[in-house]
Amino acid sequence: KPPRVKAAPCALECKLLKIVPLAGLDGRPLPAQIVVGQVVGIHIDDRFIKNGMLDTAAMQPIMRAGYLDQYFRAGECFAMTRPP
């Protein structure tokens with residue numbers, strides 16, 4: 001059983017596929033990587049399943065903003081038809 005944050009309403013269990021080191025425009029290595037994984041398991045708290053679908057807005061997810069200590073909380077959900 002993989003570790004996860006108990007209070008998290010949703011958790012993805014992933015297997016590592018690849019770690020990609022990043023370089024700047026000048027070709028020098030950056031102190032960052034992109035981690036690519038494959039989801040092999042999902043845990044969703046039953047409180048957030050409505051009519052067989054995940055109610056993402058009810059989870060009130062937070063998102064990282066541009067500065068070191070700034071985050072956003074999702075507050076609105078809407079539907080939009082994607083163009084073909």
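**A colleague's note on this predicted model**

1. Let's start with a loop residue: Asn51 sits in the loop between β3 (49-50) and β4 (53-54). Here helices (H or I, at least four residues) and strands (E, at least two) are DSSP runs, numbered from the N terminus. The phi angle of Asn51 is near 55°, a positive value in a residue other than glycine. Asn51 is also exposed, with a relative accessible area of 82%. For the labels: buried is under 20% relative accessible area, exposed is over 50%, and partly exposed is in between (1.4 Å probe, protein chains only).

2. Before going on, some ground rules. This is a predicted model, in which local features need pLDDT of at least 70 and side-chain atom pairs count only at pLDDT 80 or more, while totals for chains, interfaces and linings use all residues. Residues are numbered from 1 along each chain as its sequence is written, and side-chain values use heavy atoms, with hydrogens and water left out.

3. Now the whole chain. How many helices and strands does the protein chain have? There is one helix and there are six strands, and along the sequence they come in the pattern β-β-β-β-α-β-β.

4. What about overall size? The protein chain has a radius of gyration of 17 Å, whereas a compact globule of 84 residues would come out near 12 Å. That radius is taken over C-alpha atoms, and the globule rule is 2.2 Å times the number of residues to the power 0.38. Along the principal axes, the C-alpha atoms fill a box of roughly 50 × 35 × 35 Å. Of the 84 residues, 6% count as buried.

5. Have a look at contacts too (a contact means heavy atoms within 4.5 Å). Among contacts in the protein chain with a separation of 6 or more, 32% are between residues 24 or more positions apart.

6. Gln60 has a positive phi as well, near 50°, and is not a glycine. You'll find Gln60 in the loop between α1 (56-59) and β5 (62-64). Its relative accessibility is 45%, so Gln60 counts as partly exposed.

7. Pro61 lies in that loop between α1 and β5 too, and is partly exposed with a relative accessible area of 29%. Which residues does Pro61 touch, not counting residues up to four places away in sequence? They are Thr56, Phe72, Arg73 and Ala74. Thr81 is 20 residues from Pro61 in sequence, and the two are 23 Å apart in space, C-alpha to C-alpha.

8. Pro9 is in the segment before β1 and is partly exposed, at 22% relative accessible area. Setting aside neighbours within four places in sequence, Pro9 is in contact with His43, Ile44, Asp45, Phe48 and Met59.

9. Is Ala11 buried or exposed? Ala11 is buried, with a relative accessible area of 16%. This residue belongs to strand β1 and touches Arg4, Gly41, Ile42 and His43, not counting residues up to four places away in sequence. Gly52 is 41 residues from Ala11 along the chain, and their C-alpha atoms are separated by 18 Å.

10. Ala11 turns up again in the largest pocket, which is lined by Lys1, Pro2, Pro3, Arg4, Ala11, Leu12, Glu13, Gly41, Ile42 and His43. The elements giving two or more residues to this lining are β1 (10-23) and β2 (29-44). By type, the lining splits into five nonpolar, two polar and three charged residues. Nonpolar covers Ala, Val, Leu, Ile, Met, Phe, Trp, Tyr, Cys and Pro; charged covers Asp, Glu, Lys and Arg; the others, Gly among them, are polar.

11. Finally, salt bridges (a side-chain nitrogen of Lys or Arg within 4 Å of a carboxyl oxygen of Asp or Glu). Side chains of opposite charge can pair when their charged atoms come close. By the salt-bridge rule, the count comes to two. In one, Arg28 pairs with Asp26, the closest N and O atoms being 3.2 Å apart, and both Arg28 and Asp26 are exposed. In the other, the side chains of Asp45 and Arg47 meet at 3.0 Å, N to O. Asp45 is partly exposed, with a relative accessible area of 21%, while Arg47 counts as exposed at 56%.

How values were computed: 1 Å grid on protein atoms, 1.4 Å probe; cavity = no way out; pocket = protein on both sides within 12 Å on 5 of 7 lines; lining within 4 Å.
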